[in-house]
Each structure stands twice: as C-alpha cells, then as structure tokens.
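My entries follow in the order I took them.

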Amino acid sequence: MPRIPTAAAGPPASLADVTASDGALRRFLHGLPGVDPVGLEARAAALGTRSIKTTAKAYALDLAVSMIDLTTLEGSDTPGKVRSLCAKARTPDPTDRTTPEVAAVCVYPDLAAVAAEALAGSGVKVASVATAFPSGRAALEVKLADTRAALAAGADEIDMVIDRGAFLAGRYLEVYEQIRAVRQAAAGARLKVIFETGELSTYDNIRRASWLGMLAGADFIKTSTGKVGVNATPANTLVLLEAVRDYRAATGVQVGVKPAGGIRTAKDAVKFLVLVNETAGDDWLDNRWFRFGASSLLNDLLMQRQKLRTGRYSGPDYVTVD
Amino acid sequence: MTAEHKLFAYAPAPESRSVVDIAPSYGLFVDGEFTEAADGKVFKSVAPATEEVLSEVARAGEADVERAVAAARRAFTSWSALPGAERGKYLFRIARIIQERSRELAVLETLDNGKPIRETRDADLPLVAAHFFYYAGWADKLGYAGFGPDPKPLGVAGQVIPWNFPLLMLAWKIAPALACGNTVVLKPAETTPLSALFFADICRQAGLPRGVVNILPGYGDAGAALVAHPDVDKVAFTGSTAVGKEIARSVAGTDKRLTLELGGKGANIVFDDAPVDQAVEGIVGGIFFNQGQVCCAGSRLLVQESVADEVLDALKRRLATLRLGDPLDKNTDIGAINSAEQLARITELADAGDAEGAQRWTAPCELPDSGYWFAPTLFTGVTQAHRVAREEIFGPVLSVLTFRTPAEAVAKANNTPYGLSAGVWTEKGSRILAMADRLRAGVVWANTFNKFDPTSPFGGYKESGFGREGGRHGLEAYLR
Amino acid sequence: MTQADARLSVLKTYKLYVGGKFPRSESGRVYEVTDAKGRWLANAPRASRKDARDAVVAARKAVAGWSGATAYNRGQVLYRVAEMLQGRREQYVAEVADAEGLSKAKSAAQVDAAIDRWVWYAGWTDKVAQVAGGGNPVAGPYFNISAPEPTGVVAVVAPQESALLGLVSVLAPVIATGNAAVVVAAEERPLPALSLAEVLATSDVPGGVVNVLSGRTAEIAPTLAAHQDVNAIDLTGADAELARELEVAAADNLKRVLRPRQPYDWTADPGTGRLTAFLETKTVWHPTGSLGVSGSAY
C-alpha cells in the first residue's frame with residue numbers, strides 16, 4: 001500500500017521548490033496541462049454509458065454503500081437527528097445484515113461528540129466539517145479553533161473548506177499555508193480538503209486546486225460542500241480523479257477523492273465508480289480512497305440491493321427514514 | 001491486469017439479439033421488389049465476430065445492374081417532377097422510421113459489421129437519421145442553396161459504398177441524391193449488405209415510389225458495371241484510393257459527374273501545451289473508433305518531442321482500459337475486424353512495421369477464439385519513411401512520430417499523397433488557426449477528433465478524393 | 001515608297017513565361033505562327049516536356065506566397081493586370097485581330113471584354129470565401145466552419161479559338177483564388193498569350209503564379225496531366241479525344257478535372273463555376289463548451 005500522508009507530510013522532495021514562493025507556486029499550477037471542457041464532459045458522459053449488471057452491480061452497490069459519508073449539515077441538526085443517522089450508518093438495512101456499514105457520518109463540529117458516542121465500537125468514522133464551513137469566511141485562528149474543537153469532540157476525519165476568495169484572487173500560497181496550518185492542527189486525523197468546485201467555476205481552476213490541496217498534504221480532495229448550485233458532477237469528479245492519478249505517478253503518494261452533493265441515485269453512484277475504475281483504477285476502489293458525500297443516496301442503494309436480492313422493485317416504505 | 005484480478009469486473013451486458021429478425025436469405029431490391037439475381041448467384045454474409053453465417057444474399061451481376069438502372073431511369077421522370085416539398089416529406093418519413101427502428105438497425109449493423117453496439121447505437125444510427133432529416137429539409141429549398149435559382153437533378157446516380165459504416169455511408173449517398181430529385185442504384189459492400197436491405201424495407205414502409213431507390217448487393221464486378229453503365233449520370237464512390245482511381249479513369253471522357261471519398265493517413269498533432277487528458281481521448285477515439293477502419297482515422301500521431309514520453313505513457317495506460325470482445329456487449333470498446341481479408345491486410349502492414357524496425361506495443365487484452373480480431377497496437381520509433389507511416393492500414397494501429405516545431409509538424413503532416421483529416425491539440429488559439437490554415441486536409445479537428453454532423457461538409461484533398469458530402473456543399477454533387 | 005517605309009521594323013521574339021522569367025524553350029525549338037490568312041506572324045517557342053516540368057516547379061514554388069497573400073492583395077494585383085492591359089489595348093487589338101482574323105472593331109470588343117473580365121475576377125478574390133464557405137450549425141458544442149482554399153497548381157489548356165478573351169476567362173478565375181497556373185496557350189494562336197505574360201510580369205503578379213507555354217498542345221498537356229505535383233487540370237482547350245486521354249492520365253493522382261463543354265460563349269456572364277472548380281473545402285471543428293463547470297449530472 002502506498003503510504004498515507006501525515007500531518008508532517010508537506011510536498012514531496014521532488015516538488016518542494018514549487019511552494020517556495022507565491023510566484024513559484026503560481027507558475028507550477030498554471031503550468032499544469034489545461035482542461036478542454038467539452039472533451040472532459042464527453043469522456044465523463046461516455047463512461048456513464050457503461051452497463052453494469054448482475055454480479056458487477058452487486059459488487060458496486062455494496063462498495064458504494066461502504067463509501068458513503070452519511071451526512072447531515074443543517075442548521076436544524078439536533079443530537080436526536082445525529083443519533084438516528086448514526087444508527088442508520090451502522091445498520092443501513094435492518095432487514096439484511098449482510099449490508100456493509102457506511103464509511104463515516106459527517107456532521108458539524110458541535111455535534112461530533114454525539115456522533116462519536118453513537119458510533120463507538122463500530123467501524124464507522126466520525127467526520128466533521130470545520131474551518132467555518134461552508135463559506136470559509138473567517139479568520140485563520142477561528143478556523144483552527146473550529147478544527148481543534150472537532151478533533152477534541154472525537155472526529156476521526158476533518159472536512160475543511162479552502163478560501164475560495166483567496167484562490168480566485170490568485171493568492172495561491174495563502175490558500176496553501178492555510179491548508180498546511182489546518183493539516184498540522186489536525187495531525188492524526190484524515191484531512192479532506194473541499195474546493196467548492198462550483199465556485200472555482202473552471203475545470204482549469206479545479207485541476208490547480210486539486211494539486212494545491214495535495215501539495216499541502218490533503219488525504220482526500222473533495223468537490224463541494226453541497227451548499228451551492230453546482231456540486232459534484234461527473235466531470236469535476238473526473239478532474240479530481242485525474243489529479244490523484246497523476247499525483248501518485250509523480251510522487252508515489254496516494255490521495256483520495258470525495259464527490260459530495262447531488263449524487264442521489266444508485267445508478268449515478270455506480271457510474272461514479274466506473275469513473276474511478278477507469279480513471280484512477282483499482283487502487284481507489286476502497287473507502288479508504290473514495291467516498292460519496294451523500295444522504296439520500298443510501299436509501300436508493302438499499303432499494304437497489306433489495307431488488308437485486310428479491311427480483312422485485314422495492315419502495316420507500318421498505319427502507320428506513322432517518 | 002487480467003479480468004480475474006480486477007476488483008470491478010463488468011459482468012457481460014449483451015444487447016438482445018432478438019430485436020432483429022434476419023431472414024435466411026435476401027434478394028436484390030429493384031423497382032420496389034426483392035428479386036433474385038438474374039443468374040441466380042448468391043453469397044453469404046458473415047458475422048465477423050463469430051464467423052457465423054447471418055444470411056444468404058443475392059449477388060448482383062451485369063444483367064441486374066441493367067435492370068436496376070432502367071428502373072431508376074423510369075422512376076426519375078416522376079420523382080424529379082415531384083414538388084420538392086413532397087420529396088422532402090418522403091425523406092422525413094424515412095428519417096422517422098430509422099429513428100423508430102434504430103435499436104434493431106444498430107444490432108443488425110453490429111452483427112454484420114463487427115463494430116461495437118456502443119458505436120452503432122450512439123454514433124452510426126443517430127447520424128443516419130440526422131442525415132436524412134437534414135437533407136429532407138433541403139428538398140424544397142434548393143433554389144436558395146447557391147447553385148443558381150433553379151437547379152436541376154442529374155438523373156440516375158450510381159453509388160458504391162464501403163463496409164466500415166454501411167448504413168451511414170448509405171445515408172450520405174442516398175439522402176442528398178433523393179433530396180435533389182435524383183434516383184439511385186446503390187451497391188453495398190459484399191461483407192456488409194444487410195443494413196442496406198433493411199433500408200430497402202424502410203423505403204417500402206415509407207411508401208417511396210418504386211425504382212427511386214434500388215439496392216444491389218454484390219462484389220466489385222457489380223460496382224464496376226454500375227459505374228460504367230452509360231445511363232448513369234452520376235457516380236459517387238467511397239472506398240479505397242486504388243479503386244477510386246480506376247473509377248476516375250472509367251468515367252473519363254463521359255458526361256458522368258463524379259465524387260470520390262477515398263483513403264487517408266490523418267495526422268493527429270499534439271503540442272506540448274495540449275490539454276493532455278482530452279488529447280489522449282482524442283488519440284484513442286481517432287484511431288481505435290471502429291477498430292481504426294475509418295478513412296479519416298488519425299493514424300499518425302505526431303507528438304512534440306518534449307512531451308512524447310508523458311503522452312505515450314498516458315496513452316498506453318488508457319489503452320489498457322479498452323475492452324475488446326463481443327461487439328453486442330454494451331461495454332465493448334473494440335469490436336471485430338470486418339473480414340478475414342482486412343485482418344490479413346492489417347497484419348501484413350503491422351508486420352512490415354516490425355520488419356522496418358519500429359517498436360510495437362500491444363494493449364494487454366485477450367482475443368476471442370473465433371472471429372477476426374486485432375488488438376490495439378502502437379508503433380513508436382516510426383519515421384516518415386516507414387510503411388506504417390505512409391500507407392493506410394485501416395485498422396487499430398497507430399504510428400507515433402515526433403516533431404520539434406510547429407513548422408516541422410505541418411511539413412510532416414502534409415507529407416503524404418492523402419489529405420482527408422488532421423487533428424491539432426494545443427491550448428494556444430493562434431496556433432490552432434495557423435495550423436488549421438496550413439494543413440492540407442478536408443477536415444481539421446482542433447482539440448477534438450472524429451466528429452461528424454450532417455451539416456458539416458466532409459471530403460478530401462489530393463488523393464483522398466474530391467467532392468464534399470454533408471452540408472450545403474453536399475448538394476452540389478447532385479445538382480446541375 | 002517613302003523614306004519612312006524604307007525603315008525595317010523590329011520584329012518581336014516571343015518567349016515562354018516561366019517563374020517570372022522569359023526563357024526560350026530548353027529544346028531550342030520554335031514553330032511558325034501565322035495569321036488567319038496563313039501569313040507568317042512570328043516564330044513561337046515550342047515548349048518541351050522539360051519546359052512543362054520547369055513550369056510546374058515554378059508554379060509550386062509560387063503557391064505558398066500567392067495563396068498566403070491576402071485576398072485583398074490578390075484583388076489589387078488582378079485589377080492592376082486590367083490597368084496594364086488597358087494601357088496596351090492597341091497592341092492587343094492588333095494581335096487578336098491577326099490571331100483570330102477579326103475586324104479591328106470586333107477585336108477591340110474582345111480586348112475590352114478581356115480587360116473587364118480581369119476586373120470581374122479582381123472583385124471576386126475577397127468574396128468567394130463568403131459565398132462558398134460559412135458556418136455549419138452542428139448538433140453539439142462545437143464551432144464549425146467551412147472555407148474554400150486553392151487546390152494548388154492548376155494546368156490550364158487554354159481555349160484554341162479565343163486567344164485572349166478565352167484565355168483570360170480561364171486563367172483569371174484560377175489565380176483569383178490563390179492557385180498557381182501553368183497555361184498551355186492556344187496552339188495556333190499563342191501570341192496574345194505570350195504577350196499577356198509581359199503584362200503579368202509588370203503587374204505585381206509574383207513570378208511563377210502564371211506560367212505560359214506555347215507549342216503543341218498534344219505534346220505539352222499530357223505531361224502536365226500526368227505530373228504528380230499538379231493538383232488540377234482545366235481541359236477547356238482540349239478536343240474530345242485529347243480531353244479523354246488527359247482525364248485518364250489525371251486520375252493517377254486524382255487531379256481535379258474541369259472537362260470541356262463546347263461550345264463556349266466567352267461574352268456570356270462567367271458565373272462562379274470556374275472559380276469554385278479549383279477550390280477545396282476545408283472544414284474546421286473546435287469545441288466551444290461552457291465558460292464554467294456545468295451542472296450536468298448523470
């Protein structure tokens with residue numbers, strides 16, 4: 001297995017000088033190959049026409065369930081809501097104990113302790129958003145405090161947002177330093193870096209952000225918060241997958257990918273797994289390296305599992321609402 | 001990586017063969033009727049993926065050409081006199097019926113040709129229907145096409161098409177001919193006659209007057225007889241450059257109008273500032289679409305030396321994901337080679353690549369036991385002097401050459417008797433335009449490749465032929 | 001006989017026009033050119049196969065510069081030809097009268113029409129691309145445009161009867177669009193063509209863009225028709241049998257062929273047919289796509 005980057009991991013030696021200055025970092029990021037949007041979207045769409053049947057579908061549905069970061073990120077979240085979600089995470093389908101548990105439950109920092117308690121003894125991780133999620137518009141000190149609070153409450157994984165304003169203003173080194181700071185604050189936890197691809201707007205920007213995040217020590221790069229108009233799409237996820245593939249080829253370091261927001265059906269999830277399979281490859285077909293940030297997706301996956309098992313279509317009354 | 005070791009091995013996902021009902025035998029389609037050949041000859045059409053005989057088809061001879069041309073001539077009087085709007089409505093009907101029957105036709109085409117169902121379903125059939133739809137709309141607007149206020153049809157068109165896109169090439173030939181008021185006698189290729197015969201049935205469903213479309217399955221002798229027939233006013237041919245030259249000689253000194261869509265050795269040029277991931281997709285689509293059996297294939301990759309290693313590594317990695325096998329499987333990327341003869345030609349040229357010292361790399365994939373197959377193949381270390389860089393292979397074989405400067409790329413790209421297609425990959429807008437300007441090719445795809453549309457004229461420079469098919473330009477070949 | 005009549009006039013030596021220069025035939029051969037009544041007019045060079053080859057080389061060299069010139073510039077140059085021809089009108093009236101056996105008035109009409117034809121084609125240089133090309137509304141996120149381009153080197157078998165107007169009518173459309181031409185002048189009436197070369201040489205037409213060969217059509221034209229570096233051939237001045245032979249030879253490298261269609265009326269509206277006969281259509285695709293990431297999902 002490739003080694004997992006830790007808090008100590010900065011850019012690998014081969015790329016150390018690219019973060020030496022704002023100018024060097026800009027030149028590096030702008031020197032990455034461009035992305036042609038039409039070709040990219042056509043490739044993503046073409047992979048979406050793969051036909052996944054029978055045994056392959058069964059494998060993909062279970063894999064998808066195991067990759068879910070079951071998420072609730074609402075102002076109205078309560079301990080009760082989080083506990084019920086955690087129960088669902090541990091036992092997604094009470095009628096079928098062969099159903100895998102999900103990868104993690106993702107909550108705001110102030111509810112991380114509730115989740116940690118509810119998930120104790122399971123394999124399900126506690127993921128907490130942090131760094132003034134979703135806008136990221138706060139002082140670095142506040143973001144770091146947010147991160148520490150989440151960790152103190154028992155979070156195993158931190159989903160941070162980057163400062164899109166700084167990125168779009170071209171202050172790449174500032175974005176890099178902030179990720180590094182959070183990375184250090186979150187030593188020992190797995191760090192997911194959210195770009196909010198819908199706000200970065202261009203695929204070129206998404207590719208640059210991906211490399212920026214990986215250089216700064218991200219364990220996962222993640223498309224979006226789920227809070228803006230355009231969240232995870234096949235095309236922007238494909239850009240992330242190409243980035244982690246190329247980064248590993250260049251450095252030997254493997255980084256995970258997490259599309260989040262907007263993936264609601266089993267059919268879509270399977271197509272994302274096809275993207276993973278044919279872009280990054282086998283090594284990413286594991287919840288250590290690929291996650292879905294989702295909530296309603298889980299029930300659709302469960303209904304499809306039931307269909308596959310029984311041969312008849314299921315309905316929403318046969319899966320739990322949490 | 002072999003299939004057993006893959007975590008996510010796609011289970012077979014075959015398209016149902018039962019959507020198409022192939023009769024054990026088919027006749028010629030002449031004057032609105034299916035008939036036997038005058039001399040009673042037949043030939044077998046074989047599924048290249050399995051070598052299974054699909055059907056036995058009447059083989060047209062000289063007498064049948066005579067009969068079909070006479071039928072087309074008789075039909076011409078009333079067909080050409082029909083108001084354009086009415087002719088157009090027949091073509092609209094045909095377009096709609098093709099859309100309705102597209103699944104059936106896609107499966108049929110995949111069986112008879114060997115190409116993946118993914119391509120017949122997503123490329124061939126939608127383009128076929130679109131082509132008829134496009135030219136249907138021209139039928140009553142010909143006076144506005146820029147060929148004079150009252151252009152007239154030529155008469156009887158003799159059309160000979162290849163096996164690589166059987167139904168699409170039929171559409172490219174028949175749709176503009178009929179829209180302009182001509183009648184046609186069309187000879188499909190001997191290895192892929194079936195979709196043209198299904199099209200004959202569509203003509204009947206559409207109520208097309210008898211004799212307007214005549215289909216003569218057969219071999220080169222039937223094609224030669226058709227082209228040479230004195231009552232044919234227009235010859236349209238798509239196929240090899242060698243046969244195209246023969247046809248050009250045979251119509252010399254006559255009044256027959258001629259358009260030729262022939263071979264190619266397209267250069268796909270990748271600069272160091274290219275969008276690499278999309279360029280790799282374009283290279284793959286450029287040479288492995290339809291197993292490379294495409295006249296406009298990007299069969300020469302010209303990659304800037306400074307990024308050659310990077311691009312080749314990415315290309316090989318991508319080629320390893322191509323899925324070769326059952327063409328009816330919806331996940332198949334690479335189907336069968338169309339015939340044993342074609343496979344032998346590809347094999348011979350690839351062997352010449354080895355013999356001349358180029359380095360062969362073959363995508364890791366298992367070939368089925370029966371049928372005609374050739375694994376996706378690259379040759380590196382190729383120079384302009386190699387046969388694999390000069391001759392059209394018409395198969396899934398890519399020759400890789402390098403260049404240093406844009407001027408060198410243009411010089412190498414143009415250094416061929418062909419001139420059908422070229423590709424340019426760079427993020428620099430002015431370079432795209434400068435390259436497009438200097439490449440001697442009828443179609444230049446910049447930051448894309450192998451795109452087709454009924455509105456977009458297609459055809460070659462130099463020995464790739466003359467005349468254009470598609471778009472307003474495509475009308476010119478059928479009007480005077 | 002007066003004193004003035006006693007002066008011996010200076011005869012003109014006619015030469016080929018190749019690559020902007022006026023060489024004799026490399027073969028050293030000439031043939032007698034007579035007027036319509038059979039009276040000797042001059043000796044014309046009788047070009048050889050090698051002269052034809054040299055002319056093709058010269059034409060090929062000229063293609064890049066001429067086709068790369070702006071259409072506006074080509075229009076200016078063609079108009080300049082008209083101006084120069086106008087200035088030497090009387091000379092051509094006399095030459096055409098001699099060559100074609102016309103009255104002075106009829107000959108003048110031919111010359112005037114020839115001048116006007118240069119003006120007509122001068123105006124076409126920067127319009128033909130708009131008439132023959134344009135955008136194509138493809139069903140996808142692509143910019144797609146078709147534009148005409150010159151085919152390259154065009155061999156022109158000039159009309160045998162109409163030594164100037166016919167010649168200009170076939171030559172001007174070939175070069176208006178950026179091709180380079182190798183002209184086989186009317187066999188028995190080559191002098192106006194050879195004189196026209198003198199106008200071209202002084203009208204800013206770059207050397208090699210037009211090359212004029214006089215001699216036996218049946219000797220020169222087959223060399224051009226079979227030449228692998230000639231892209232197209234205009235058979236206007238070939239009789240039916242020669243035209244067939246030339247078309248067969250032209251098939252070897254799939255030259256674009258403009259067949260003869262007798263009879264010709266050189267005073268009629270020329271239309272655009274001769275302009276478009278020697279054009280290739282190039283179609284260029286480029287993705288357009290969205291400005292930013294789209295919301296499209298599966």
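**Entry 1: a helix pair in chain C**

I began with handedness: α2(C) and α4(C) cross in a left-handed sense. I kept in mind that this is a predicted model.

Next I looked up the geometry. Helix α2 of chain C spans residues 71-87, and helix α4 of chain C spans residues 104-124. Their axes are 8 Å apart, at an angle of about 170 degrees. Angles over 145 degrees count as roughly antiparallel, so α2(C) is roughly antiparallel to α4(C).

Then I listed who meets whom. From α2(C) I noted C:Gly75, C:Leu78, C:Tyr79, C:Val81, C:Ala82, C:Leu85 and C:Gln86. Facing them in α4(C) are C:Ala114, C:Ile115, C:Trp118, C:Val119, C:Tyr121, C:Ala122 and C:Gly123. I sorted this contact of α2(C) with α4(C) by class: eleven residues are nonpolar, three are polar and none is charged.

**Entry 2: a helix pair in chain B**

I turned to helix α2 (residues 84-100) and helix α6 (residues 194-205) of chain B. They pack at an angle of about 125 degrees, and their axes are 9 Å apart. That angle makes α2(B) oblique to α6(B). I recorded the crossing of α2(B) and α6(B) as right-handed.

On the α2(B) side, the contact uses B:Ile94, B:Ile97 and B:Ile98. On the α6(B) side, I found B:Ile202, B:Cys203 and B:Gln205. By class, I have five nonpolar residues, one polar and no charged for α2(B) with α6(B).

**Entry 3: the domains of chain B**

I looked up the division of chain B next. Domain 1 takes 17-262 + 463-478, and domain 2 takes 267-453. The C-alpha centres of these two domains of chain B lie 29 Å apart.

**Entry 4: chain C against chain A**

Last, I checked the contact between chains. Chain C gives eleven residues and chain A gives 20 residues.

How values were computed
Residues numbered from 1 in each chain as written. Chains lettered and ligands numbered in written order. Predicted model: local features only at pLDDT ≥ 70, side-chain atom pairs only at ≥ 80, totals over all residues. Axes fitted to C-alpha atoms, helices over the stretch in contact; angles between N-to-C directions. Helix = DSSP H or I, 4+ residues; strand = E, 2+ residues; numbered from the N terminus. Parallel < 35°, antiparallel > 145°, perpendicular 65-115°, else oblique. Left-handed = near helix turned anticlockwise from the far one by under 90°. Contact = placed C-beta atoms within 7 Å. Nonpolar A, V, L, I, M, F, W, Y, C, P; charged D, E, K, R; others polar. Domains from an automatic or database assignment.
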